Amino acid sequence: MHYCDHNATSPLRPESLAAMTHALGVCGNPSSVHANGRAARAVVDEARERVAALVGAKADQVIFTSGATEAVFLALRGAVEGSLDEREAGTASRITRLFISGIEHACVQATARRVAEDLPGLRLTHLLVTADGVVDTEALRVALREGKGRTLVAVMAANNETGVIQPLAEVSRLAREAGALLLVDAVPAAGKTALDFSLCDYMVLSAHKMGGPQGVGALIVADGAPLRPQILGGGQQKGLRAGTENLAGIAGFGAAAHTLLGADGERARLVHLTERFEAALKKALPDTVIFGAAAERLCSTSNFAIPGITAESALIALDLDGVCMSAGATCSSGRIAPSHVLAAMGVAPELSQAALRASFGWSNTNEDVQAAVESLVKLAERSRRSPQTDRAA
Ligand code: PLP
């Protein structure tokens, strides 16, 4: 198989597998005081240090969760509810506005909607993006200035569909000036571009997008940022996320983060693979459209369309040739829904229907790129010979 779908999930790195295998052999609850418990605690502590180091945070700011979806939930609901607690404490800092970029992942969009429905007095606003898929910072500046109340802004570090890197330094500056809090979903960006936790108040990571295991992630929270815990019980993780820690998952997450810290060579290789993929596709099929091409993008992601060929037919043809790719957002895969990201960028629905995403990672080689391009070119040529087979209506 030629696995070109790392933004959906990345194969487990050998370093993560080794760390997990070791952790599975540790029989101890990290909360137990005996020697076995302390051995388990050491596994968690090391992973916490490693995850924190990847984004320039402190270890005690890392809260392990069951993945990025839970981390987003904890951040959004926890921040808004936590700000009510602060108000009770007399600081009058209740969050009354949620600003969410129009290209956020479904877990941010859906959770923000639910939190706004559940908590009276909270207003939800979607931030515009440019045609290249970059959050419009001028629109953010104006929105922050208008209206009253403390704001929580959510802007991802880079988009999972297009790979477009967002202007976080500017977003952070505007948020700070306005006294707003900033949540950054760094899931697709982690390990692909430098991340600076000091720019935000909440940052979300997912292990399986960086070569760690599925079902583990983290919320990183700045000192003093409001946060009301959402899962209660045994008081683990300073009471901020109860439940016995997923020892093996956390160990694998830490190992992936550690590997990525020194992975400049891997990033350079990914730039080369992605550029090679796009250049070969454009050469063979010059009408190929690359979304977000004019913006700064992750080294690993190419979101493109071959006009007239639906993503559905392309995915079937690629699959028959042993190439794994995605159409639209993959967390909801199995179902090809129109991309809200491309819609926010103003892409016409017919072209959006043809959108495919190749996302490369640590396991890919030139052969994968070549196989993917050959399969797409073969499909396009066949489709152009007999248009009714593959072309969109
Ligand atoms: N945020 C982004 C940008 C994602 O791409 C995903 C998954 O695709 C998530 C959050 C959710 O991550 P998890 O699978 O760890 O819940």
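## A walk along the domain boundary

Start where the two domains meet: 30 residues of domain 1 are in contact with 31 residues of domain 2. Keep in mind as you go that this is a predicted model.

**Stop 1: the surface between them.** About 2400 Å² is buried between domain 1 and domain 2. Carbon and sulfur atoms give 56% of that area. Now show the side chains of Leu 298, Val 341 and Met 345 in domain 1. These three lose the most area to domain 2, and together they account for 23% of what the domain 1 side buries.

**Stop 2: polar links across the boundary.** How many salt bridges are there between domain 1 and domain 2? The count is 0. Polar contacts are another story: 12 residue pairs make them across this interface.

**Stop 3: the pieces of domain 1 that touch domain 2.** Select helix H8 (264-284), strand S10 (301-305) and helix H10 (340-344). These are the elements that give two or more residues to the side of domain 1 touching domain 2. Which of them gives the largest share? That's H10, with 4 residues. Sorted by class, this side of domain 1 has 15 nonpolar, 10 polar and 5 charged residues.

**Stop 4: a salt bridge to zoom in on.** Side chains of opposite charge can pair when their charged atoms come close. Across the whole structure, a search finds 18 salt bridges. For one of them, select Asp 223 and Lys 58: their closest N and O atoms are 2.5 Å apart. Trace the chain and you'll see that this pair links distant parts of it, 165 residues apart. Asp 223 sits in the loop between strand S8 (217-221) and helix H7 (247-261), while Lys 58 is in the loop between helix H2 (35-55) and strand S2 (62-65).

**Stop 5: zoom out.** Switch to a cartoon view of the whole protein, with its 13 helices and 12 strands. Along its principal axes, the C-alpha trace spans about 70 × 55 × 30 Å. What radius of gyration would a compact globule with 393 residues have? It would be near 21 Å, and the protein has 22 Å, so the two agree.

Terms used
Residues are numbered from 1 along each chain as its sequence is written. This is a predicted model: local features need pLDDT of at least 70, side-chain atom pairs count only at pLDDT 80 or more; totals for chains, interfaces and linings use all residues. Side-chain values use heavy atoms; hydrogens and water are left out. Contact means heavy atoms within 4.5 Å. Buried area is the accessible area (1.4 Å probe) that two parts lose on being put together, summed over both. A salt bridge is a side-chain nitrogen of Lys or Arg within 4 Å of a carboxyl oxygen of Asp or Glu. A polar contact is a pair of N or O atoms within 3.5 Å; within protein, one must be able to donate a hydrogen and the other to accept it, and residues adjacent in sequence count only if both atoms are side-chain atoms. Ala, Val, Leu, Ile, Met, Phe, Trp, Tyr, Cys and Pro count as nonpolar, Asp, Glu, Lys and Arg as charged, and the others, Gly among them, as polar. The radius of gyration is taken over C-alpha atoms; the globule rule is 2.2 Å times the number of residues to the power 0.38.
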